[in-house]
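Q: How should I read the features of a protein model? Please take me through one.

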Amino acid sequence: MNGLVIKSTGNAYLVRMDDGKDLECHIKGNFRIRGIRSTAPVAVGDIVEVEMLPDGTNWIREVCTRRNYIIRRSTNLSHESHILAANLDQVLLLVTLKHPATSTTFIDRFLATAEAYRVPVVLVFNKIDMLSPDEMQELNELSALYKSIGYSTMAISASMLADQPDKMAELSGLLAGKVTLLSGNSGVGKSTLLNALFGSSVTRTGRISDAHDKGMHTTTFSAMYSLDPIVGADSSWLIDTPGIKGFGGVDMSKREVSHYFREIFRIGRECRYDDCLHSNSGCGCAVYDAVVRGEIALSRYESYLSLLGDAEEQKYR
C-alpha cells in the first residue's frame, strides 16, 4: 500500500495511508545506504510504499519518484545533503529584519536552490509590528527588490493575525489546494504563524536568545498539517520544519549557479564570452557592468559570488 509521509522523528516516520489511517513506519538499515546521499533517505511529503507485517511492524520499502524537493548541504559532514521536504507546490520563506535578522545571503541561497528544483517561493516578511518607520522603509525597499526580480512578497505580523482578517484571508487563499513548505531561520515566527492559522497551539513557540539575538529551536521534527478545514480546499497542507541557520548549495556546478539568479542569468546572456562566470570586472562581463550601474543589486551579486564559491570549493556555508 502507498501512503504520504506526514511526520519524521529521526528514527521513525508517520505515514498517512490511502485509506486514511496513520501508521508508524521504519526503514531497513540497507535502505539507508543504497546510493542515497542524504542525512535521511525519506522526507516529509514523500509518497512511499509500505509493507505491513503480521507482527504489527510497518516498513517503508520504496520512495516513489519525487516531482521536486528542497535540499541543502548538511552540517553533518558524514552525509552529503539534507532534504527539507518533497513534492511541493510552493514555499513560504519567512524572514525578519530584526529579532532575529535574516541575511540577504540566506534568502538568496534559498531562492537559488528553489530555482534549481523548480519550486515557487513567496517571501513573507514577519514581525513588522516591531519595526520603526526607517526599518519599514528598509523592508519596503527589500520587498521591491525581490518583486522586481519576479518573486511574490507579503508583510505580516504573525502574532497579530487573529486581528487582521484581510491578511488571514490573503494567506488562506495562498495556501488553498497546495502543499506548502514553511521555512526560515530559527526565531522568525514559523510556529507562531502555524498556531495563528489553526487558531490554537499546535506547536511550541520559543524566545529569542538575548546573547546573540538568534532564534531558539522549538520545532524538533518536520511535520505536515492538513489545512483543508481552515482554507476550505482539499489537499491543502503546510509543512513545518526545524529552523535552519546556513544554507549550502547542493549539486551545483560553477557554470550553473548563474542560472538560478534570474536577473544575473538574463543579463549574463549579453556577456562577450559564453563561459563567463561573472566574477571579474572587464573582459566584456555584462553582469559586472550591470552591478556597477545599479541594475543588479550588490547584495544579490555578493550572494551569487558566495554560492559560486561553494560550487568551486564544495564547502558548506
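The turns below go from the whole chain to strands, cores and rings.

Q: What kind of model is this, and how many helices and strands are there in the protein?
A: The model is predicted. The protein has 8 helices and 13 strands.

Q: Of the 317 residues, what share counts as buried?
A: Buried residues make up 49% of the 317.

Q: Among contacts between residues at least 6 apart in sequence, what share joins residues at least 24 apart?
A: The share is 64%. One pair shows how sequence and space can be compared. Leu277 and Leu305 are 28 residues apart in sequence, and their C-alpha atoms are 9.3 Å apart in space.

Q: Where is Leu277 found, and is Leu277 buried or exposed?
A: Leu277 is found in the loop between α6 (262-268) and α7 (286-293). Buried means under 20% relative accessible area. Leu277 has 17%, so Leu277 is buried.

Q: On to strands. Which strands pair with β13?
A: Take β11 and β12 in turn. Strand β11 (residues 179-183) runs parallel to β13, joined by 4 bridges. Strand β12 (residues 223-226) pairs with β13 in the antiparallel sense, over 4 bridges.

Q: Which residues stand opposite Trp237 of β13?
A: Val179 has Trp237 as its bridge partner in β13. Ser226 stands opposite Trp237 as well.

Q: Which way do the residues of β13 point?
A: Strand β13 covers residues 237-240. Trp237 and Ile239 point one way, Leu238 and Asp240 the other. All are buried.

Q: How many bridges join β5 to β3 and to β4?
A: Strand β3 (residues 22-27) pairs with β5 (residues 58-63) in the parallel sense, over 2 bridges. There, His26 has Trp59 as its bridge partner. Strand β4 (residues 47-52) runs antiparallel to β5, with 5 bridges between them. Val48 has Val63 as its bridge partner in β5.

Q: Which residue takes a positive phi in the hairpin of β4 and β5?
A: Gly56 does, with a phi near 95 degrees. The hairpin has 5 residues between its strands.

Q: Next, cores. Why look for groups of nonpolar side chains?
A: In soluble globular proteins, nonpolar side chains tend to be buried together. Here the largest nonpolar core has 69 residues. Val15, Ile60, Ile70, Leu88, Val91, Leu93 and Tyr146 touch the most other members. Helix α1 (residues 104-116) gives the most to this core, with 7 residues.

Q: What does Leu93 touch, not counting residues up to four places away in sequence?
A: Its contacts include Phe106, Ile107 and Phe110. Leu93 also touches Val121, Val122, Leu123 and Val124, as well as Ser183 and Gly184.

Q: Which residues are among the 20 of another core?
A: Among them are Met154, Leu175, Val188 and Leu238. This core lies apart from the largest one.

Q: Now rings. What describes a pair of aromatic rings?
A: The distance of the centres and the angle of the planes describe the pair. In this model the count comes to 6 aromatic pairs. For Phe198 and Tyr225, the centres are 6.0 Å apart and the planes stand at 65 degrees, so the pair is edge-to-face.

Q: Which parts of the chain does the pair of Phe198 and Tyr225 link?
A: The pair links distant parts, 27 residues apart. Phe198 lies in helix α4 (residues 190-198), and Tyr225 in strand β12. Phe198 counts as partly exposed, at 24% relative accessibility.

Q: How do the rings of Tyr301 and Tyr304 pair, stacked or edge-to-face?
A: Their centres are 6.3 Å apart and their planes at 25 degrees, so the pair is stacked. Both residues lie in helix α8 (residues 298-313). They are 3 residues apart, about one turn of the helix. Tyr301 is buried at a relative accessible area of 5%, and Tyr304 is buried at 0%.

Q: Which residues do ring pairs link into a cluster?
A: The cluster holds Phe261, Tyr288, Tyr301 and Tyr304.

Q: Last, charges. Where do Arg66 and Arg262 sit?
A: The charged end of Arg66 sits over the ring of Tyr69, 5.8 Å from the ring centre. Arg262 lies over the face of Tyr151, at 4.0 Å from the ring centre.

Note on methods: Residues are numbered from 1 along each chain as its sequence is written. This is a predicted model: local features need pLDDT of at least 70, side-chain atom pairs count only at pLDDT 80 or more; totals for chains, interfaces and linings use all residues. Side-chain values use heavy atoms; hydrogens and water are left out. Buried means under 20% relative accessible area, exposed over 50%, partly exposed in between (1.4 Å probe, protein chains only). Two strands pair if DSSP finds at least two bridges between them. Contact means heavy atoms within 4.5 Å. A nonpolar core is a set of buried Ala, Val, Leu, Ile, Met, Phe, Trp, Tyr and Cys residues joined through side-chain atoms within 4.5 Å. Rings of Phe, Tyr and Trp (its six-membered ring) pair if their centres lie within 6.5 Å; planes under 30 degrees apart count as stacked, over 60 as edge-to-face and the rest as tilted. A charge sits over a ring if NZ of Lys or CZ of Arg is within 6 Å of the ring centre and within 35 degrees of the ring normal.
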